[in-house]
Amino acid sequence: MDNLIFHIDVNSAFLSWEAVYRLHIRGETRDLRDIPSAVAGDVKKRHGIILARSTPAKKYGVRTGDTINDALKLCPDLVMVDPHYDLYEACSEAFMEILREFSPCVEQYSVDEAFCDMTGTVGLYGSAVVAATLMKDKIYKELGFTVNVGVSTNKILAKMASDFKKPNLVHTLFPEEIESKMWRLPVEELFFVGHATKRKLHNLGIRTIGELARTDLDILRSHLKKHGEVIYSFANGIDMSVVADEAPPNKGYGNSTTIAFDVDDGSTAKMVLLSLAEKVCTRLRADSAMARVVAVSIVDTYFRYSSHQMQLFSPSNITNEIHKVSCKLFDQLWDGSPIRQLGVHTSKIVRWSTEKQINLFDMNRYEKQAKLDIAVDTIREKYGDDSIIRAIFLDGPIYHMSGGISKEKHRPNYNDGIR
Amino acid sequence: MIIESIRKDIVMLHMPVDVVATFNVQGNIKPNYIRLEDENRILQTYKIENIIFCREDKYAGIPTILFCCNIIRGGQVQMINIKYHVRTHQWVLANEG
């Protein structure tokens, strides 16, 4: 028997969720989904891009990732609302809970999409399309937002199907339908084909998914290496991966932050690195993980990206140590141009490693620092992140733990009513 | 650009209210009294005469329990909808069914 895989994708997730929240929890009468609207970052903090937009806003040509200024030029009446990450988490959780009622094998692919292996449970509902429609309607009835469901025999085809026509629809893309439904689409619609790959394929005269599927594999291999094989099999609807209901362990931990002002002195930049190292190391320690490789990335005011990495003498998750290494990397990397964004990333993760290579010259500092870090983590867990901060961040412009979702994005400030 | 704070099209939001409720041994919740402003903007306590129906919702992943009930206000029976927020333990006066 063939496998049966669903891909479920929330229609403009952040915006839908905010709309449902405003309608049913706050009691607003206007539905954001019916007017040109968008979830957008804070211009003043230079986080000013569109994170999600409604279908009416899409008609004006507003795209996710546009800057707020560009979006307003396209659609002057655009209603913009703040991001609300606490809500997204609650919605995502409730969404996944409903999927798990349909099948025990659910892979959360991102905050707003999931794969569901229905091979064993479709019999409970009759046919695949009936099950998918039931799933979609149940989510709408209980949670108030719409989803698209793609139905097929493997993950790539299901994902392609859920992307067809939106919103609130079920589409099938079984192997026998590939030719009629998928091959006529432009090649950039294919999963894993981004801007760069699209350009290369266009240069080869490949413009549709069908043309890609019929291209000689050796040609693709010579131009795109391994990636050519991947997209070739995707274009032919071949995907062997299984729905993994358990998330694989993190391969790396990193955080970056766009600073509200351009940084042109090393000491401020190093403070930002410290706040990033604090965040990254807290996450590493929470997962009992240590990193062997540390990397620092810089985006300057001209949007030029650069990064630099090095291997540690032994794996670590100690904030001070990671910060020290980051500063060293930063000094080697930075050309002095004003900095817009900084990042600290770690990789080559070691888990559950209790042994630590003691360095003759470190004396017993590591043990002390590790204990200190654990004490700080425990205090923060109990009394909140701000209960204990390094004195250097007191009254400064930099928050002591940068990166990830900043505090104000968790919950917007509504002026009245319930929050 | 429409600035959110000066929007006038939102007529009335769900309003947080004080409620006296009983919780029975099975965990069922029954609101008994509710405090609302009267015409003169003075807080008055109204007895909840009867509950017409209640329903559990989970819109936007937020669990709430909606109670549709009757109170007597100014000598007349008035139907109101109140919602209990399970996570935050707040009661709100809802403007929807």
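1. In this predicted model, B:Tyr84 stands opposite B:Trp91 in β6 of chain B. The two strands concerned are β5 (residues 76-85) and β6 (residues 91-94) of chain B, which pair in the antiparallel sense over 4 bridges.

2. That pair belongs to a closed barrel of 6 strands in chain B, running β1-β2-β3-β4-β5-β6 with antiparallel pairing. From one strand to the next, the twist averages 40°.

3. Turning to chain A, the model shows 14 helices and 12 strands. Its radius of gyration is 24 Å, close to the 22 Å that the globule rule gives for 419 residues, so chain A is as compact as a globular protein of that length. Along the principal axes, the C-alpha atoms of chain A fill a box of roughly 65 × 60 × 45 Å.

4. Of the 419 residues of chain A, 38% count as buried. As for how the chain folds back on itself, consider contacts in chain A between residues at least 6 apart in sequence: 62% of these join residues at least 24 apart.

5. Chain A also contains an open sheet of 4 strands, in the order β9-β12-β10-β11, with antiparallel pairing. The edges are taken by β9 (252-263) and β11 (305-316) of chain A; each has a single partner strand, so one side of each is left without a neighbour in the sheet. Neighbouring strands of this sheet are turned by 15° against each other on average, direction ignored.

6. Within this sheet, β9 of chain A pairs with β12 (residues 339-351) of chain A in the antiparallel sense, over 8 bridges. A position that the reader may wish to locate is A:Asn255, which stands opposite A:Val344 in β12 of chain A.

7. Two helices pack on the sheet. Helix α11 (residues 266-286) of chain A touches β9, β10 (289-300) and β12 of chain A, and its direction makes about 155° with that of β9 of chain A. Helix α12 (residues 319-333) of chain A touches β10, β11 and β12 of chain A; the direction of α12 makes about 145° with that of β11 of chain A.

8. The buried residues include A:Lys155 and A:Lys159, along with A:Ile156, A:Leu157 and A:Met160. Among the elements of chain A that cover them are the strands β1 (5-10), β6 (113-117), β7 (147-152) and β8 (170-172), and the helices α7 (178-182) and α10 (217-235).

9. Helix α5 (residues 128-143) of chain A has 16 residues, which at 1.5 Å a residue should span 22 Å; its end C-alpha atoms are 22 Å apart, which agrees. Just after α5 of chain A, A:Gly144 takes a positive phi of about 90°.

10. Which residues of α5 of chain A are buried? They are A:Ala128, A:Ala131, A:Ala132, A:Met135, A:Ile139 and A:Leu143. These residues cover an arc of only 100° around the axis, which puts them on the same side of α5 of chain A. An α-helix has 3.6 residues a turn, so residues three or four places apart point the same way. The buried residues of α5 pack against β1, α4 (85-102), β7 and β8 of chain A. On the other side of α5 of chain A, A:Val130 and A:Lys141 are exposed.

Technical notes: Residues are numbered from 1 along each chain as its sequence is written. Chains are lettered from A and ligands numbered from 1 in the order in which they are written. This is a predicted model: local features need pLDDT of at least 70, side-chain atom pairs count only at pLDDT 80 or more; totals for chains, interfaces and linings use all residues. The radius of gyration is taken over C-alpha atoms; the globule rule is 2.2 Å times the number of residues to the power 0.38. A residue is buried if 20 or more other C-beta atoms lie within 10 Å of its own, exposed if 12 or fewer, and partly exposed in between; C-beta atoms are placed from the backbone. Two residues are in contact if their C-beta atoms, placed from the backbone, lie within 7 Å. Two strands pair if DSSP finds at least two bridges between them. Axes are lines fitted to C-alpha atoms, for helices over the stretch in contact, and angles run from 0 to 180 degrees between N-to-C directions. The expected span of a helix is 1.5 Å times one less than its number of residues. The arc is that of the directions from the helix axis to the C-beta atoms.
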